[in-house]
Amino acid sequence: MDSQQQYEALLAKWGYVDTTLEDHARKQKRTRRVKAVVAFFLGTVKNLKKASARPQILGQTAN
């Protein structure tokens, strides 16, 4: 029995479950969500800056 199996057997004996893989997957999912939100807001800010930098042409009528 290697050390990993001994570790898992000890955890099972004590009533604990090794959730390392689930924790890692949860952390990756959270990271992807945060990156998506950050990218969305950065894109929005970039588009707002671009829109505000354009000269405003108002259709005024000449008298």
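Buried means under 20% relative accessible area. By that cut-off, buried residues make up 2% of the 63 residues in this protein, which is shown here as a predicted model.

**View 1. Overall fold and surface of the predicted model.** The protein contains 2 helices and 0 strands. Its accessible surface comes to about 6,400 Å². Carbon and sulfur atoms account for 60% of that surface.

**View 2. Helix 1 and the residue just after it.** Helix 1 covers residues 3–14, a run of 12 residues. From its first C-alpha to its last, helix 1 reaches 16 Å. That span is close to the 16 Å expected at 1.5 Å a residue. Just after the helix comes Gly 15, whose phi is positive, at about 90 degrees.

**View 3. A nonpolar patch on the surface, formed by Leu 10, Trp 14 and Tyr 16.** Together these residues have about 380 Å² of accessible area. The relative accessible area of Tyr 16 is 54%. Exposed means over 50%, so Tyr 16 counts as exposed.

**View 4. The salt bridge between Asp 23 and Arg 26.** A search of the whole structure finds 1 salt bridge. Side chains of opposite charge can pair when their charged atoms come close. Here the closest N and O atoms of Asp 23 and Arg 26 are 2.9 Å apart. Both residues lie in helix 2, which runs over residues 20–53. They are 3 residues apart, about one turn of the helix. An α-helix has 3.6 residues a turn, so residues three or four places apart point the same way. Asp 23 has 32% relative accessibility and counts as partly exposed. Arg 26, at 46%, is also partly exposed.

**View 5. The aromatic pair of Phe 40 and Phe 41.** The structure holds 1 aromatic pair. The ring centres of Phe 40 and Phe 41 are 5.3 Å apart, and the ring planes stand at 70 degrees. Planes over 60 degrees apart count as edge-to-face, so this pair is edge-to-face. Phe 40 has 54% relative accessibility and therefore counts as exposed.

Methods: Residues are numbered from 1 along each chain as its sequence is written. This is a predicted model: local features need pLDDT of at least 70, side-chain atom pairs count only at pLDDT 80 or more; totals for chains, interfaces and linings use all residues. Side-chain values use heavy atoms; hydrogens and water are left out. A salt bridge is a side-chain nitrogen of Lys or Arg within 4 Å of a carboxyl oxygen of Asp or Glu. Helices (H or I, at least four residues) and strands (E, at least two) are DSSP runs, numbered from the N terminus. Buried means under 20% relative accessible area, exposed over 50%, partly exposed in between (1.4 Å probe, protein chains only). The expected span of a helix is 1.5 Å times one less than its number of residues. Accessible areas come from the Shrake-Rupley method with a 1.4 Å probe; for residues, only the protein chains shown count as cover. Patches are made of residues with over 30% relative accessible area and no salt bridge: like charges are joined within 9 Å, nonpolar side chains (Val, Leu, Ile, Met, Phe, Trp, Tyr) within 5 Å. Rings of Phe, Tyr and Trp (its six-membered ring) pair if their centres lie within 6.5 Å; planes under 30 degrees apart count as stacked, over 60 as edge-to-face and the rest as tilted.
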